[in-house]
Amino acid sequence: MIEKMKFLNLTGPKDDIDRVVDQYLSKYEIQLENTLSELKSVQNISPYSDINPYKETLQKANVLADMVKNTDIPSRSITLEEAVNIIETIDKELSSLREEQHNLETELSKCKESLTDIAHFKDLHYNIQDILHFEHVKFRFGKISQEYFAKFEKYIYDDLYTLFYKCQSDKDYVWGVYFVPSEEVTKIDAVYSSMHFERFYLKDEYDGTPEEAYQDLEKEIQGLNEKLNQTNERISSKLSSSGGDILLARQRLEKLSANFDVRKLAACTEDKEETFYILCGWMTEKDAAAFSEEVKTDKNLYCIIEDDHNNTYSKPPTKLKNPKIFKPFEMFIRMYGLPDYNEFDPTIFVAITYAFIFGAMFGDVGQGICLTIGGFLLYKFKKMDLAAIVGTAGIFSTFFGFMFGSIFGFEDIIDAVWLRPIEHMTQLPFIGRLNTVFIVAIVLGMGLIMLTMIFHIINGFKAHNLEAALFDTNGIAGFVFYAAVVLTIFLFMTGNSLPAVIVLVVMFIIPLLVMALKEPLAALLEKKSEVMPKGKVIFFVQAFFELFEVLLSYFSNTLSFVRIGAFAVSHAAMMEVVLMLAGAENGGSPNWIVVVLGNLFVCGMEGLIVGIQVLRLEYYEFFSRFYKGSGREFKPYSTKASIQEKH
C-alpha cells in the first residue's frame, strides 16, 4: 500500500526558521522540496541566502570528537552558547598541547634520522668535529656495495692517493669514509662515483667520536620520548575528562547545522518591513494532520495544506506501507522501481505469488523446512530481506512437499495429499495424455494474467488514462478478449458446448477491433478535433501487425507458465537421481552421505535457479502488464539522518 500524501506550505518570520525546524520539523517526517521551483509562478520571492554560522565550530568539534574514545554522550540538553563555549575553550587548551606534541614529534623524527645516519660509522674512533674542519684533506662519508668494493680493493685502491676507512658492513654494503688530498679530490671523487659510492652528509652538530655522538642521540631521543609521553598523557587526560561534553556539544552543533541546511530549500519574501521564509514539502496524511494540530496555536508559524495534487509542480513521493510479514518483499519492488503515487502497489501481490509459485516449483517437505529455518534465522540475526523471502518461500515449499508427498526426495515416507508430479497424467481432447502439473500451471498462469489485467485497468482509471483502462491490450478490451479465449478453451476441454457464433463474434472480434482502433477511440472519447490519423493506410497496416503481435504475446505469455510444472517435475526427477546414486531405489539401504550432499546440492543450485525464474515471471509476465515503477522515493528531512550521513 502507498501512504496518502499532503503538500504543506510553511511560512513565518525569517529569523524564526531555526526554532521551527528544531521544534517541529525534526519530529515529523517531511520531504522538503525546492521552494523556488514549487512557487516559480509567485512574484517577489528570492533564495534564502545565509552563511552557516556553525560550520567552523562544528569542524573543530568533529576534530575533537574523533580523538575521544569509548565515551557516552550525556543525556542532558545544552544551549547553542554552551556548545560553542565548550568547543572553543577545549580547542584552545588542546591547541597549545597539540602544537607542543607536533614540535616534539618533529624533533624526535630528526634525531632518529640522525641516529640512523651515524650508526654505520660508530667504528670510526676519531672526533667528528676535527674531521669536519680538515684544511688540506677532504673527506667523504658514505657506502658502497660489496660487489664494487671488492673490485675497488683488488684493482684500483692501491693506485689511488686515497685512504678508505672501513667502519661497518653487511651482506649488501660497506660503510666508511675516504680521505683524499685537496688537489686530487676531483679525480678521486670521479673514481669513487664510478664505483657507485653513495655519499652521506653528516651534520656539524655532532660532538666527539661517532660512538659518543650516537650515545648522546640515544639519550636525547629517550628524553624526547618522555616529554612526548607526558604531553600525550595531558591530552588524553583532558579528552577523558571532557569527552562527554565534547560529544554533547558536537551533537547539538550537528543538529543546528543540519537544521540550517533547510535554508537551501527555503525562499524569502518581504511584506512591508518584515521578511518571511517559505518552506514546502510532503507529509503523510497522518503526520500532516498531527503537525497542523500542533502548530495551530503557534503565532509565528502559518501552515497551509494543499489537498489537490494538481496544484503542485512536483509529483507526490511514494512511501510504502505494508504489513510486517510482506515488508521484505519490498526489496523486489525497489529493484524494479517504486510505484508511482497513483499506481497500484504490487508488494502483497508479489509476496503471495512469488512464495506460492516458488513452493510449487520446489515442493519438498525436508528442503522446505531447511529453507524456512535457515532463512528466518538469518533474517533474525542479519536483518537481510532476502533471507526473510527465502524463509517465506520455504513455508510454501513445505506445503507443496506434503501435496506432492516428497521429503528430502523420498516419496515412500508420506503419501501425496494431491499428486506426484512425475506420475500423474491427464487426458485432453486433441492433445492426448499430458502431465497434470503442466495443465494446472497453465490454468494458474491464465488466472494470474487476467488478475494483472484488472490491476492495469485500476491503474488506468486512477491515472485518468481512459485509453489505457478501456482500449489497451491489458485494458477492458484485452481482458474481455483473453477471458473469452480462456472460457472457450475451458468449455472445449471439459466437453461442454461452445457459445453461439454471435456470442463468439462479440467476445472475440469486437475487443480486437477496439484494441486496433484504441487511438481514434481515445481521441473521440477525449473530444479531440482530429480523430483519425492522416496516414490511414499506414495506420491500418500498423494496427494489423500490432494485433498479430498481441495475439502472439498472449499465446507465449500463457505458455511461459509451463515452466512452473516443468520445474516441479525436474525437481522430483533430480531427487530421484540423487537417491539412485545413493543406492536407495527399490527400498535399498541408502548411502546417507550421498543423500545429504545431494540434497544440499539440489537445494542450493535448484533453489537459486527457481528463485530467479519466479522473479522473471514477476517482472516480465506480471509487471509488464500493469506496472511502470516510475515513482520517486519519499526521502524525509531528518536531523538524525543528516548527521549519520556525515559520519
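Trainee: What is the average pLDDT of the protein chain, and which residues have a pLDDT below 50?

Mentor: The protein chain averages a pLDDT of 87, and 97% of the residues score at least 70. Over residues 639-647, however, the pLDDT is below 50, although this stretch has 15 contacts in the model beyond near neighbours in sequence. Where pLDDT is low, the predicted coordinates should not be read in detail.

Trainee: How many helices and strands does the protein chain have, and why is the chain called more spread out than a compact globule?

Mentor: The protein chain has 22 helices and 12 strands. Its radius of gyration is 41 Å, whereas the globule rule gives 26 Å for 647 residues; the value is well over that rule, so the chain is described as more spread out than a compact globule. Along the principal axes, the C-alpha trace spans about 130 × 90 × 60 Å.

Trainee: Why are H20 and H21 called roughly antiparallel to each other?

Mentor: Helix H20, residues 562-581, and helix H21, residues 592-626, pack at an angle of about 170 degrees, with their axes 10 Å apart. Angles over 145 degrees count as roughly antiparallel, and H20 and H21 are therefore given that description. Their contact, divided by class, has 15 nonpolar, 5 polar and 3 charged residues.

Trainee: What makes S5 and S7 the edge strands of the open sheet?

Mentor: The open sheet has 4 strands in the order S5-S6-S4-S7, with antiparallel pairing. Strand S5 (163-169) and strand S7 (198-200) each pair on one side only, and these are the edge strands. From one strand to the next, the twist averages 30 degrees. Helix H7, residues 185-194, packs on this sheet and touches S4, S5 and strand S6 (173-181), while the direction of H7 makes about 165 degrees with that of S6.

Trainee: How do you know that S4 and S7 are paired?

Mentor: Two strands pair if DSSP finds at least two bridges between them, and 3 bridges join strand S4, residues 137-145, to S7, the two running antiparallel. Within this part of the sheet, Gly142 stands opposite Arg199 in S7.

Trainee: Which strands does S8 pair with, and what is found in the hairpin of S8 and S9?

Mentor: Strand S8 (residues 267-271) pairs with strand S3 (residues 45-47) in the antiparallel sense over 3 bridges, and Pro47 stands opposite Ala267 in S8.

Technical notes. Residues numbered from 1 in each chain as written. Predicted model: local features only at pLDDT ≥ 70, side-chain atom pairs only at ≥ 80, totals over all residues. Heavy atoms only, no water. pLDDT = per-residue confidence, 0-100. Contact = heavy atoms within 4.5 Å. Axes fitted to C-alpha atoms, helices over the stretch in contact; angles between N-to-C directions. Parallel < 35°, antiparallel > 145°, perpendicular 65-115°, else oblique. Nonpolar A, V, L, I, M, F, W, Y, C, P; charged D, E, K, R; others polar. Rg over C-alpha atoms; globule rule 2.2 N^0.38 Å.
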